[in-house]
Amino acid sequence: MKIIQKITTIIMISLFALGCNKKEKTFIDPLITNRDTTVNPSEDFFNFANGGWFKNHPIPSSEKSNGIFRMIQDTINNQVKSICIKSAEANAPKGSNKQKIGDFYASGLDSVAIDKAGITPLKNEITKINSIKDISSLLETMGHLHTIGASPAFNFYVGQDDKISSKNALFLSQGGLGLGQRAYYFDTDDNSKKIRTEYLKHIAKIFELTGETKDKAGFNADLVMKIETELAQSSRKLEALRDPIKNYNKMTLAQLNAITSNIDWKVMFASLNIKNADTVIVGQPEFYKAFNTTLKNYSFDNWKTYLKWDLYNNYASYLNKEIENQNFYFFSTVMNGIKEQKPRWKRVVEQTGTSLGELIGQVYVDEYLPKGTKEKLLEIGNNIRDVYAIRIKNLDWMSPATKEKALAKLSKIVMKVGYPDKWKDMSTVVIDKKSYCSNVISVNQWSYNFMIHKFGKPVDRTEWNMFPQTYNAYYNPSNNEICVPACNIIIPGFEGRMPDDAVLYGIIGGSTFGHEITHGFDDQGSQYDDKGNLNNWWTAEDLKKFKAKTGLIVSQFNKFKVGEKNVNGDATQGENIADLGGVVMGFEAFKKTKQFKNKQVISGLTPEKRYFLAYGYAWMVNATDKSLLKQVMTDVHSPARFRVNGPLANVPEFQKAFNIKPESKMYQPDSLRVTIW
């Protein structure tokens with residue numbers, strides 16, 4: 001079995017040095033300066049590890065959070081900005097990547113043209129909505145709006161069949177909610193009530209800004225809220241969406257039509273540009289039964305109002321100043337506590353990076369990615385996989401039969417790291433300098449067409465669902481793969497020098513590779529086999545033991561609170577399991593390095609302390625109170641504080657390193673301690 005080798009100076013200089021001076025530099029160790037030593041690590045390790053940085057770096061008024069993610073994103077934004085500016089100045093041929101990047105960016109900066117246009121870029125869609133005269137044209141318009149990036153009434157997509165991972169299937173799921181999650185429509189806490197009140201005002205204001213009278217706008221807002229509340233009533237709660245079995249209901253079109261007699265799915269699928277549909281996987285059949293009734297409960301004029309709202313809601317950020325500002329006020333200030341907008345250049349850079357990320361990524365790899373990044377990431381990932389195999393073999397709660405299946409799945413996990421070997425073809429996307437909103441629509445249409453063209457074709461397992469400049473990572477259970485984009489190599493504070501192994505394995509090893517691999521064995525991922533099919537590979541007894549362990553982690557996280565709200569341990573359990581597995585596997589891999597074996601002390605910190613401080617650094621995020629409340633209500637990820645304190649309280653090596661006593665908050669007794677992988 002391969003063991004971890006010390007990272008060589010030559011490779012790491014190529015990875016992390018941005019340019020070296022002949023003069024010796026004095027570096028500041030962020031693991032030391034980030035700390036707040038007035039905080040007892042036994043009581044709150046997250047703020048002990050990061051509180052010093054938080055005190056010196058308050059959340060900017062234009063952001064909902066500040067921390068390591070923001071530092072890295074700012075670095076990436078500046079790089080993407082440079083790509084955009086160079087592309088805009090290149091006078092590139094029409095249809096080239098540089099022309100598209102440059103013109104998209106230029107159109108976003110042209111606030112004069114955007115303000116002058118108002119809602120004109122949506123004129124054709126509004127005309128189409130106004131022409132609705134019967135149920136057939138209503139369904140056709142609903143479907144059409146999905147093809148341009150709107151999302152009325154329901155969600156639709158083409159993706160891998162969970163039980164036949166080699167096949168692309170049609171999926172229908174609940175949707176149509178401007179507030180995103182059903183909880184906002186029914187929860188009775190003060191924050192939820194205030195958001196509902198503000199949402200009504202927001203809808204009315206948007207309608208006013210698009211030309212309606214104040215009285216008509218208020219009527220429209222009440223109507224939209226009523227329709228969305230009906231849709232929310234039949235929507236499943238966040239935690240209920242985590243069960244892949246219960247959210248997999250394959251139906252023939254005849255069966256679907258039987259439970260939705262008011263919807264002609266031939267008309268709907270034709271408007272969605274889907275031909276020869278025979279079966280569809282319905283995530284939540286009860287939602288579609290209720291939608292079938294709701295469809296008849298409202299007049300065509302009512303539905304026209306709702307469809308216009310959904311269109312405005314999806315495109316408000318790309319319209320004139322008044323609409324954009326109102327959209328910012330509600331979704332950023334009311335929902336996330338952000339006080340002011342980011343500079344326009346930054347908003348446009350981020351949107352260019354999102355819309356044309358496939359094109360930006362090609363330049364980013366060539367101009368900003370240190371040589372050897374892909375190889376180094378893969379090396380770290382394989383080292384994590386190696387120790388994972390050892391851990392599985394030594395588990396005392398799992399039978400040999402299940403271990404064999406787990407090891408087979410682990411060995412077949414595909415690691416997509418750095419950047420794709422082939423890029424998506426965006427040659428058909430038409431971009432010019434005339435209209436920012438129209439450019440966004442054009443890209444959304446391309447994205448939709450790219451997705452639906454998969455239907456009826458074999459799954460392309462080489463496809464990436466992230467860009468190399470996206471600071472994130474994912475596990476795809478249907479492909480049994482992890483994806484770690486290139487920019488994950490960035491570690492703020494270590495520019496121009498080689499991070500020690502404790503830092504590398506605390507951040508890149510533990511919170512990234514270890515985390516994503518563990519998703520293959522969390523409450524959801526564990527239900528998929530080594531080929532990516534939804535298929536039980538557990539013995540009954542082992543599955544019972546596994547669920548008892550995951551139940552413990554649910555109970556632990558249910559006790560954490562943000563304001564009036566408790567963390568939803570059920571909804572977040574997959575991420576919490578992955579965090580625990582990640583920090584454990586990262587430490588196991590770190591133990592095989594020379595730094596750990598030689599007990600090397602750096603900045604006065606033992607290898608163990610450096611590792612756990614690095615893990616804390618990986619989640620160094622300070623967020624506004626409102627954004628934390630929103631996260632608890634809508635996100636399957638726990639707030640950063642709990643992603644550090646929660647898992648670490650279960651790790652004996654952490655308790656030993658920081659002398660955590662049984663009476664401390666960061667201590668879990670043996671009877672409650674969670675050890676899964």
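View 1. E4 and strand E5 (residues 279–282) pair in the antiparallel sense, over three bridges. Two strands pair here if DSSP finds at least two bridges between them. Strands are DSSP runs of E with at least two residues, helices are runs of H or I with at least four, and both are numbered from the N terminus. Residue numbers start from 1 along each chain as its sequence is written, and side-chain values use heavy atoms, with hydrogens and water left out. Because this is a predicted model, local features need pLDDT of at least 70 and side-chain atom pairs count only at pLDDT 80 or more, while totals for chains, interfaces and linings use all residues.

**View 2. The whole four-stranded sheet.** Step back from E4 and E5 and you get an open sheet with the order E2-E3-E5-E4 and mixed pairing. Strand E2 (154–161) and strand E4 (250–252) are the edge strands; each has a single partner strand, so one side of each is left without a neighbour in the sheet. Neighbouring strands are turned by 35 degrees against each other on average, direction ignored. Look for Leu172, whose bridge partner in E5 is Val282. Helix H14 (residues 285–297) lies across E2, strand E3 (164–174), E4 and E5, and runs at about 40 degrees to E3. Axes are lines fitted to C-alpha atoms, for helices over the stretch in contact, and angles run from 0 to 180 degrees between N-to-C directions.

**View 3. Helices H11 and H15 crossing.** Two packed helices are described by the angle between their axes and the distance between the axes. Helix H11 (residues 214–233) and helix H15 (residues 300–315) pack at about 85 degrees, with axes 9 Å apart. H11 and H15 are therefore roughly perpendicular. In these legends, angles under 35 degrees count as roughly parallel, over 145 as roughly antiparallel, 65 to 115 as roughly perpendicular and the rest as oblique. H11 brings Asn220, Leu223, Val224, Ile227, Glu228 and Leu231 to the contact, and H15 brings Asn302, Trp303, Thr305, Tyr306 and Trp309. Contact means heavy atoms within 4.5 Å. The contact residues split into seven nonpolar, three polar and one charged.

View 4. E7 and strand E8 (residues 481–485) run antiparallel and are joined by three bridges. Asn476 is found opposite Glu481 in E8.

**View 5. Helices H26 and H28.** The axes of helix H26 (residues 607–618) and helix H28 (residues 640–648) come within 8 Å and cross at roughly 150 degrees. Phe612, Tyr615 and Gly616 of H26 meet Arg643, Val644, Pro647 and Leu648 of H28. Sorted by type, these residues are five nonpolar, one polar and one charged.

View 6. Ser65 belongs to strand E1 (residues 65–67). The C-alpha atoms of Ser65 and Val621 are separated by 6.6 Å, though these residues are 556 apart along the chain. Leaving out residues up to four places away in sequence, Ser65 touches Ile59, Pro60, Val621, Asn622 and Ala623.

View 7. The chain averages a pLDDT (the predictor's confidence in each residue, from 0 to 100) of 94, and 96% of the residues score at least 70. Over residues 1–24, though, the pLDDT is below 50; beyond near neighbours in sequence, this stretch has 49 contacts in the model. Where pLDDT is low, the predicted coordinates should not be read in detail.

Definitions and conventions: Nonpolar A, V, L, I, M, F, W, Y, C, P; charged D, E, K, R; others polar.
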